[in-house]
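Please read the numbered points with the model in view.

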Amino acid sequence: MSEAYDRIKAEIASIGEKIDRASDGYKRGEKIINSSLPFAGLTVPQIKALAKSVALSSRDEFMDGFFNDADKTYESVAVAGLVASKKGDYSKTAEYLKKIIPLFSSWAHTDTIVPQLRFTDRETFLSDFRYLLEADGQYEVRTYLIYLLSCCLNEEYFDIIVDTLKSVRYGRYYVDMGAAWLLSVMLVKFYDKTLPFFEKVTFPPFVHNKAIQKARESFRVPQDRKDYLNSLKV
């Protein structure tokens, strides 16, 4: 047994027991998270606090306990992903992530955990995890896209991001939403370079339109650009 993991699992259960599962707040959170795993009801700040309480020196012990637990929850996967992503030995981080990512059961897993990986060498990570783009699981593909969004969104990686987006197998909701989010931020940061891909309609209609919608919601996009982007909807 793992004392480090058992402590976190007990805390998740303790916090969850205090939440009224009949309340509108719990039901709303469960619907938004939309996980196939049991949902205790913890918030992202609570999950991050639990992960922070696990020392890097206890990471191996914690991860052993997590992987041996047959009763994983949305929260236990989220905490384990954050613990695995602690800044430290990249080889260990990669080893753990390759086992954890297939367990992701919610967009919130990818969107909470992946931004913690900014310490990684981008070229190494993109190479090591390129296989995720071919995965059947939509959260695996989304993980790669959110990494591009969180860690690689600059001039140097612009063409790589575009080539990656062109290679994605679309038609899965959380993949499409991840791609749209990434493209919308590209429209905000690199409008002139990104615009031609919308004038030519390079991506599927849902991704195309959703990216325009999200870009138009940004305060950083001038009104004249918002109006033109709106005219490009298909």
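**Notes on the predicted model**

1. Val201 is found in the loop that joins helix H13 (196-199) to helix H14 (205-216). Although Val201 is not a glycine, its phi is positive, at about 55 degrees. With a relative accessibility of 35%, Val201 counts as partly exposed.

2. Asn34 sits in the loop between helix H2 (24-33) and H3. Its relative accessible area is 40%, and Asn34 is therefore classed as partly exposed, since that class lies between the 20% and 50% limits.

3. Helix H3 comprises residues 44-52, and within it Ile47, Leu50 and Ala51 are buried. These residues lie on the same side of H3, because the arc they cover around the axis is only 100 degrees. An α-helix has 3.6 residues a turn, so residues three or four places apart point the same way. Pro45 and Lys52, on the other side of H3, are exposed. The cover over the buried residues of H3 includes helix H1 (3-17) and helix H5 (74-84).

4. Arg118 belongs to the loop between helix H7 (107-113) and helix H8 (122-128). A relative accessible area of 56% makes Arg118 exposed. Apart from neighbours within four places in sequence, Arg118 is in contact with Ser150 and Cys151. Between Arg118 and Tyr139 there are 21 residues in sequence, and their C-alpha atoms are 19 Å apart in space.

5. As for the chain overall, it contains 15 helices and zero strands. Its radius of gyration is 19 Å, close to the 17 Å given by the globule rule for 234 residues, so the chain is as compact as a globular protein of that length. The C-alpha trace spans about 55 × 45 × 30 Å along its principal axes.

6. Of the 234 residues in the chain, 52% are buried. Taking contacts between residues at least 6 apart in sequence, 74% join residues at least 24 apart.

7. What does the surface of the chain consist of? The chain exposes about 11,400 Å², and carbon and sulfur atoms supply 51% of that area. The chain carries 33 positive and 32 negative charges, and the mean positions of the two sets are 4 Å apart.

Definitions and conventions:
Residues are numbered from 1 along each chain as its sequence is written. This is a predicted model: local features need pLDDT of at least 70, side-chain atom pairs count only at pLDDT 80 or more; totals for chains, interfaces and linings use all residues. Side-chain values use heavy atoms; hydrogens and water are left out. Helices (H or I, at least four residues) and strands (E, at least two) are DSSP runs, numbered from the N terminus. The radius of gyration is taken over C-alpha atoms; the globule rule is 2.2 Å times the number of residues to the power 0.38. Buried means under 20% relative accessible area, exposed over 50%, partly exposed in between (1.4 Å probe, protein chains only). Contact means heavy atoms within 4.5 Å. Accessible areas come from the Shrake-Rupley method with a 1.4 Å probe; for residues, only the protein chains shown count as cover. Lys and Arg count as positive and Asp and Glu as negative; His and the chain ends are not counted. The place of a charge is taken as NZ of Lys, CZ of Arg, CG of Asp or CD of Glu. The arc is that of the directions from the helix axis to the C-beta atoms.
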